[in-house]
Amino acid sequence: MRIKKYLALLVSMMLLGGMLAGCSSAAGTEEKEVKKDPNKKAILVVSFGTSYADTRKVTIEACEEKLDKAFPDYEMRRAFTSNIIIKKLKERDGIEVDEPTQALEKLKAEGFSEVVVQSLHVMNGAEYDDLTAVVNQYKDDFDKIKMGSPLLTSVQDYKDLVEALKVQIGELEENEAVVFMGHGTHHYANATYSCLDYMFEDMGVNAYVGTVEGYPTLDNVINKLKKNNIEKVKLMPLMVVAGDHANNDMAGDEEDSWKSVLKKEGFVVETYLHGLGENEKVQDMYVNHAKEAMKEETTEE
């Protein structure tokens, strides 16, 4: 009996010790909580990413630099949404890039009080929805956290983009047209492409929009080109980066590339391998979207 009593006493002491240790640990966690610095503000620039170093420099990095210069009081940070790109850059080039959750965790741990997340996405599609869900999880971790909208959000954005693209389109003869290759998506935001196509027509620009994985397709575009007696086509990517789709699906020499298909249909074809991110007016649009997000913060105060 006496042995049982000793054992019971020993177990009780161990449990009590564990509880005290737990309390001590919790108290330690509270002590380690990072105090937010009201002067620490960041702009987190989020894009899909690319493994093409040359185009990354003149598109994504050019947009990041423009945003960095526009907001000197904010520290610029980068995140990619593509885990495949992140993994490839790390293994092949030794380049470390955060995905959005990692980037926000770091900002939180470093005591930032305000964060503006500026997306470099073209539309409010599935990837932007995913990013919004991530950012919403951090609403209570910063005094202010806001999102700048993607490139094509308001009607004014469509007008501004057409004006921006006029710079790279240049003058066209009556029998010439530009065909933009968009990505396309299963998301309802796929309507973005048709809206832009309509805006080109409305603003008198001889340009058409097709997609690789959505609607309108290249066949839809070819029907319109023939109907309007177009003989010469200039292909341009409607993507921030001129990456794999632009180099292969659009301008590649394979028989199913847009260049090959259009040539087979009798059109004279030129290709323009520059992503939207190279266009300075497009870069300015992203800066304006970030400004609007900051203004929302000021209004709420």
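**His-289**

I started with the side chain of His-289, which comes within 3.0 Å of the backbone oxygen of Pro-150 in this predicted model. I then found that this side chain also reaches the backbone oxygen of Ser-149, at 2.8 Å. His-289 sits in helix H12. Setting aside neighbours within four places in sequence, I listed its contacts as Gln-118, Gly-148, Ser-149, Pro-150, Leu-151 and Asp-157.

**The largest nonpolar core**

From H12 I moved on to the core. The largest nonpolar core has 46 residues, and Leu-161, Ile-169, Phe-180, Leu-196 and Phe-200 touch the most other members. I noted the elements that supply at least two residues each, among them strand E1, helix H7, strand E5 and helix H8. H12 gives the largest share, 7 residues. I also checked Leu-196 by itself: beyond four places in sequence, Leu-196 touches Leu-152, Tyr-158, Leu-161, Val-162, Val-209 and Leu-238.

**Helix H9**

My last stop was H9, residues 218-227, where I found Leu-218, Val-221, Ile-222 and Leu-225 buried. Looking down the axis of H9, I saw these buried residues fall within an arc of 100 degrees, so they line one face of the helix. What do they pack against? I noted strands E5 (176-182), E6 (207-211) and E7 (232-237), together with helix H11 (258-264). On the face turned away from the buried side, I found the exposed residues Asp-219, Asn-223 and Lys-227. After H9 comes Asn-229, and I jotted down its positive phi, near 60 degrees.

Notes: Residues are numbered from 1 along each chain as its sequence is written. This is a predicted model: local features need pLDDT of at least 70, side-chain atom pairs count only at pLDDT 80 or more; totals for chains, interfaces and linings use all residues. Side-chain values use heavy atoms; hydrogens and water are left out. Buried means under 20% relative accessible area, exposed over 50%, partly exposed in between (1.4 Å probe, protein chains only). Helices (H or I, at least four residues) and strands (E, at least two) are DSSP runs, numbered from the N terminus. The arc is that of the directions from the helix axis to the C-beta atoms. Contact means heavy atoms within 4.5 Å. A nonpolar core is a set of buried Ala, Val, Leu, Ile, Met, Phe, Trp, Tyr and Cys residues joined through side-chain atoms within 4.5 Å. A polar contact is a pair of N or O atoms within 3.5 Å; within protein, one must be able to donate a hydrogen and the other to accept it, and residues adjacent in sequence count only if both atoms are side-chain atoms.
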